[in-house]
Amino acid sequence: MVLLPGRIFQCYFHGKRNSNKISLTFDDGPSKETEKILVLLKKYNAKATFFIWGQRIKGREKTIERIIKEGHEIGNHSYEHKRLTFKTQDYIFKDLKKCDKELLRLGFKTDLFRPPAFSIFYNLLRVCKKLEKKIVMCDIISDDWRKKGIEYSVEKVLKKTKPGSIINFHDYLEGIGPNEDIIPIIKQVIPQIKKKYKLVTISKLLEN
Ligand SMILES: [Zn+2]
């Protein structure tokens, strides 16, 4: 949690360090890669959380329904996917609500929010408090969007994962398209971390 004078904001970088649980998270989807991720997760009996970019929902409703049906979780990742650091509270409120509304149209409600580019600022904290959102950051960035190579991401994640970790991946890359590196990366990562950890949704990771 982040503590600011007189107020407590719900902001999480990881879960409990004394558990055997970790969470895989996928941002900016859905995309055609999401369906492949779901197949792989099922194969390893792993659960994950998908932070949905509101503008990408239309036409991909079936994928979101499948995410939920298969026991995973979704979170709000804003509607327009703009950096929120210097936006007004009014802009942030409307943007988050718009993504929520799109998800509600499909019958899904979420109290999880991940800020685009992980940028947090006072206005965002205020709005999340008002909307009773848990801000989900991460303690491991896979760098799967930086084109440093599949092996680089695999090694980084395996080296840094520890109890309670929240790992950040992407099923879509802004300005590029579906993240075609994601399957080769998690194909190597999941069997390895499964040996030590239980892969659960964010809500499971954060529950008492
Ligand atoms: Zn994003």
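Author: Buried means under 20% relative accessible area, and exposed means over 50%. Keep those cut-offs in mind. This is a predicted model.

Reader: Which residues of helix α1 are buried?

Author: In α1, they are E33, T34, I37, L38, L40 and L41. Looking down the axis of α1, these buried residues fall within an arc of 165°, so they line one face of the helix. On the other side of α1, K42 and K43 are exposed.

Reader: Now strands. What do the side chains do in a regular strand?

Author: They alternate between the two faces of the sheet. Take β5, residues 48-52. On one side sit A48, F50 and I52, and on the other T49 and F51. Both faces are covered, and these residues are all buried.

Reader: Why is β5 described as largely enclosed by the rest of the structure?

Author: Count its residues. Five of the five are buried, so the strand is largely enclosed.

Reader: Which strands pair with β5?

Author: Start with β4, residues 21-29. β4 and β5 pair in the parallel sense over five bridges. Look for L24, which stands opposite A48 in β5. Then find β6, residues 73-76. β6 runs parallel to β5, and four bridges join the two.

Reader: How does the chain cross from β5 to β6?

Author: The chain goes through helix α2, residues 61-69, and this β-α-β crossover is right-handed. Another right-handed β-α-β unit is made by β4, helix α1 (residues 32-43) and β5.

Reader: Which residues does a cis peptide bond join?

Author: G29 and P30, with omega about 5°. P30 lies in the loop between β4 and α1.

Reader: On to pockets. What shows where empty space is left?

Author: Rolling a probe the size of a water molecule over the atoms. Here the largest pocket has a volume of about 320 Å³. Its lining has 16 residues, and D28, R83, A117, W145 and H170 lie nearest the centre. Strands β4 and β10 (166-170) each supply at least two lining residues. By class, the lining of the largest pocket divides into seven nonpolar, four polar and five charged residues.

Reader: Where is H170, and is H170 buried or exposed?

Author: H170 is in strand β10. H170 is buried, with a relative accessible area of 9%. Now find D144. H170 and D144 are 26 residues apart in sequence, and their C-alpha atoms are 6.9 Å apart in space.

Reader: What about the second largest pocket: how much space lies in it?

Author: About 230 Å³. Its lining includes K97, D100, K101, L103 and L104. Also among the lining residues are F108, K109, T110 and D111. L131, E132 and K133 line this pocket too.

Reader: How many residues of each class are in that lining?

Author: The lining of the second largest pocket has seven charged, four nonpolar and one polar.

Conventions
Residues are numbered from 1 along each chain as its sequence is written. This is a predicted model: local features need pLDDT of at least 70, side-chain atom pairs count only at pLDDT 80 or more; totals for chains, interfaces and linings use all residues. Side-chain values use heavy atoms; hydrogens and water are left out. Buried means under 20% relative accessible area, exposed over 50%, partly exposed in between (1.4 Å probe, protein chains only). Two strands pair if DSSP finds at least two bridges between them. A crossover is right-handed if, with the strands pointing away from the viewer, the path from the first strand over the helix to the second runs clockwise. On a 1 Å grid over the protein atoms alone, a cavity is a set of points where a 1.4 Å probe fits but cannot get out, and a pocket is an open set with protein on both sides within 12 Å along at least five of seven lines; lining residues have an atom within 4 Å of a point. Grid points are joined across faces, edges and corners, and a volume is the space filled by probe spheres set on the points. Ala, Val, Leu, Ile, Met, Phe, Trp, Tyr, Cys and Pro count as nonpolar, Asp, Glu, Lys and Arg as charged, and the others, Gly among them, as polar. The arc is that of the directions from the helix axis to the C-beta atoms.
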